[in-house]
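Me: I'm new to this one and would like to learn how to read it. Could you take me through its features step by step?

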Amino acid sequence: MKADLPLRGSGVLVTRPAHQAQQLARLIEAAGGEPILFPALEIFDSADPSVLHALIARLDDFDLAIFISSNAVNKAMELIRAKHELPPRLTIAAIGLGSRKALEHWKVEQVVTPRHRFDSEGLLELPEFQDMRGKRVVIFRGEGGREMLGETLVARGAQLEYAECYRRASPVVDPSLLLQRWARGEVQAVTVTSGESLRNLFDMLGSAGREWLKKTLLVAPHERIGTTARDMGVERVWITAAGDEALVKGVIECLTQKKP
């Protein structure tokens, strides 16, 4: 195996939504691997967008806007830019690097992000989120997201509203071609970037596919996903830093250096 193509001969399953999979696929190809695209999550507009439109119309009322995901950024910013600019006094925060990069794509600067742990817990550790008394906060997210961030901000004194920008669903697909590739030994690693995607994948694969999944290296960017995978019986789980580059680096490390 050439050092400059460490994934040569390796098939890597990419479970990101179809519209977000291309960068990860390119990085896998650049390392010599074959990205196997099998989206385990679909993103749709909110069932009732009128609530989101009404909230965006009064963004001036808020002190802080938190974006949970790049999907939330893109869905919200498209509507915000169509109506007006972000209020200059509004503090903008993002939970992860992907959300921050998405905001930077929309020319939003000075985004508050966690320093080490890129999740709700990491954001809540920041000094500026300790005393929230009198602060009006809006959280842009998908329908049915985690409540911990909002509940903690309210407990610290914030007045909170949710702006639900999109909804998630499990794709309806036939996994037979993927299972055939697995049976031929063509899937060496699986990348998963959310617990919901992992649960969807588990359901989509059926009983036979689940057994293949349990025996295959699974690489994920958060320990919470790793815990879900282990609870499902996945035997080889590797946790990386956030970002597509870190995911591919983790796959390379595990497949070439035989990490557990």
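Predicted model: local features only at pLDDT ≥ 70, side-chain atom pairs only at ≥ 80, totals over all residues.

Me: In which hand does helix 1 pass helix 10?

Reply: Residues are numbered from 1 along each chain as its sequence is written, and side-chain values use heavy atoms, with hydrogens and water left out. Now to your helices: helix 1 passes helix 10 in a right-handed crossing. A crossing is right-handed if the near helix is turned clockwise from the far one by less than a right angle, and left-handed if anticlockwise. Helices (H or I, at least four residues) and strands (E, at least two) are DSSP runs, numbered from the N terminus.

Me: At what angle do the axes of helix 1 and helix 10 cross?

Reply: Two packed helices are described by the angle between their axes and the distance between the axes. Here helix 1 (residues 22-30) and helix 10 (residues 244-257) have axes that come within 9 Å and cross at roughly 35 degrees. Axes are lines fitted to C-alpha atoms, for helices over the stretch in contact, and angles run from 0 to 180 degrees between N-to-C directions. Gln23, Leu24, Leu27 and Ile28 of helix 1 meet Asp244, Glu245, Leu247 and Val248 of helix 10; contact means heavy atoms within 4.5 Å.

Me: How do the axes of helix 2 and helix 3 cross?

Reply: Helix 2 (residues 49-56) and helix 3 (residues 70-83) cross at roughly 50 degrees, with axes that come within 10 Å. That makes helix 2 oblique to helix 3 (angles under 35 degrees count as roughly parallel, over 145 as roughly antiparallel, 65 to 115 as roughly perpendicular and the rest as oblique). Leu52, His53 and Ile56 of helix 2 make the contact with Ala76, Leu79, Ile80 and Lys83 of helix 3.

Me: Let's turn to the sheet. What is the order of its strands?

Reply: Strands of a sheet pair through backbone hydrogen bonds, either parallel or antiparallel. This open sheet of 6 strands has the order 3-8-7-4-5-6, with mixed pairing. Two strands pair if DSSP finds at least two bridges between them. Strand 3 (42-45) and strand 6 (111-112) are the edge strands, each pairing on one side only.

Me: Which strands pair with strand 7?

Reply: Strand 7 (residues 136-142) pairs in the parallel sense with strand 4 (residues 64-67) over 4 bridges, and 7 bridges join strand 7 to strand 8 (residues 159-169), also running parallel. You can find phenylalanine 67 opposite phenylalanine 140, and valine 137 opposite leucine 160.

Me: Is strand 7 mostly covered or uncovered?

Reply: Strand 7 is mostly covered, with 6 of its 7 residues buried (buried means under 20% relative accessible area, exposed over 50%, partly exposed in between, with a 1.4 Å probe and protein chains only).

Me: What do strand 7, helix 6 and strand 8 make?

Reply: With helix 6 (residues 148-155), these strands make a right-handed β-α-β unit. A crossover is right-handed if, with the strands pointing away from the viewer, the path from the first strand over the helix to the second runs clockwise. Strand 4, helix 3 and strand 5 make a right-handed unit too.

Me: Where does isoleucine 225 lie?

Reply: Isoleucine 225 lies in helix 9 (residues 223-231), and at 6% relative accessibility it counts as buried.
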